[in-house]
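Have the structure open as you read.

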Amino acid sequence: MPGFEFFGPEERKQVNDVLETGILMRYGFDGPRKGIWKAKELEEAICETFGCKHAQLVSSGTAALTTAMSALGIGYGDEIILPSFTFVASFEAVLSVGAVPVFVDVDDTLTLSPAAVKNAITAKTKCVMPVHMCGSMADMDALQAICKEHNLILLEDACQSIGGTYKGRKLGTIGDAGTFSFDFVKTITCAEGGVVMTNREDVYIKSDGYSDHGHDHKGADRGADLHPFVGYNFRISELHAAVGLAQIKKLDNFLAIQKNNHTALKNALSTIPEVSFRRIPDESGDSCSFLSWFLPTEESTKAVVAELKTQNILAGNFYWYVNNWHYISKWDHLKNSITLNALHPELKAAVMHHATKHFSASDAVMSRCISTAIGLTWTDEQLKTKCEQMVAVVKKVLSEQKANA
Ligand SMILES: *Cc1c(COP(=O)(O)O)cnc(C)c1O
């Protein structure tokens, strides 16, 4: 799954290009940088690779979400609908622009349930934010139709699905805007970094300014730039962009390896009739960074997790249901609205209201789901062993449970 597994001479060469000139910043210093513009080059490569008109690199995936929300005009009084299963960054970004995160259930796609989205729409809803979790996608046709009908913004958190597609279009380029994270454990990495992708020129121009203190980047030099609106500093450095430039050239290779390993593991687990798999709205577009699979009950899932642990092979298998970072059941800091800076009382009350709702439909899915991260460096032998071990664990647990029933 993560590009850091293939860090090599290509990344070092790109970083060294920057170190040679010493110009570590992406803007200005036109003379001394000797024609080296790694961030610009990576933005062009992103547009070409993923088929979007514009790309604005920033310092993280979280910053990309905040930047996109600001550029889309989302803020005070607005509600954003997002899934109960995501990484904490998704709601952190919503809070950062002063909007209300409205969580709704996921279905067996592990992403937004379109029916739950419909039910959550109010007069204040401004945006629907699907999160393409664990390498695969939400039902974009259904969500696009809802957004069109209700005149809502569609913002894709595609941080975990770099290289995935839906009906031929790259995830993250389908909505009004989409984001990737290039943090250290994502499919391709800059060490730290993120990007806002969009086909809307207005969103791009605002993202460009917002992520650099509101600079309009039209002056003869930085000091001569104007500030059409208040911004922030979410700049990426040239060093980080350089790493990403080497990584993006390896993406096709990463995806091919993921597909191969994912297929083998899926075929192995498919031999067990009690095991089922995540529903994928466009199977051919799965980036295959994870294989997400279901056991029949919460009890059998917990027993499989325990047995994987006992056999010391739990690493790389994620039981999100009890995970501190990815599922709403564990977000007590959010449920109690514990922030370091005081929130407006109205916002605080709304945050607590929405975060403490019950998500029984999500529980029913997440309590039975295990996601297995697909390694890039597994040898054929390791892959074979992994398949055999996992199948053996599942069979052992299921037969023990049958015997005890
Ligand atoms: C990683 C991730 C982010 C945030 O990315 P950072 O670069 O770590 O800030 C946002 N959303 C999802 C779903 C993620 O997995």
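How many residue pairs are in polar contact between domain 1 and domain 2? The count is 22, with both residues at pLDDT 80 or more; a polar contact here is a pair of N or O atoms within 3.5 Å, where one must be able to donate a hydrogen and the other to accept it, and residues adjacent in sequence count only if both atoms are side-chain atoms.

## Ground rules

This is a predicted model, so local features need pLDDT of at least 70 and side-chain atom pairs count only at pLDDT 80 or more, while totals for chains, interfaces and linings use all residues. Residues are numbered from 1 along each chain as its sequence is written, and side-chain values use heavy atoms, with hydrogens and water left out.

## Charges across the boundary

Two salt bridges turn up across the interface, using a cut-off of 4 Å from a side-chain nitrogen of Lys or Arg to a carboxyl oxygen of Asp or Glu. R279 also pairs up with D107 in a salt bridge, with the closest N and O atoms 3.5 Å apart.

The structure holds 21 salt bridges. One of them joins K250 to E11, with 2.9 Å between the closest N and O atoms. K250 lies in the loop between α8 (238–248) and α9, and E11 is in helix α1, so this pair links parts 239 residues apart in sequence. Helices are DSSP runs (H or I, at least four residues), numbered from the N terminus.

There are 17 aromatic pairs as well, counting Phe, Tyr and Trp (six-membered ring) with centres within 6.5 Å; planes under 30 degrees apart are stacked, over 60 edge-to-face, and the rest tilted. F6 and F254 are stacked, at 5.6 Å centre to centre and 25° between the planes. F6 sits in the segment before α1 (9–21) and F254 in helix α9 (residues 251–270), so the pair ties together parts 248 residues apart in sequence.

Notes. Helices (H or I, at least four residues) and strands (E, at least two) are DSSP runs, numbered from the N terminus.
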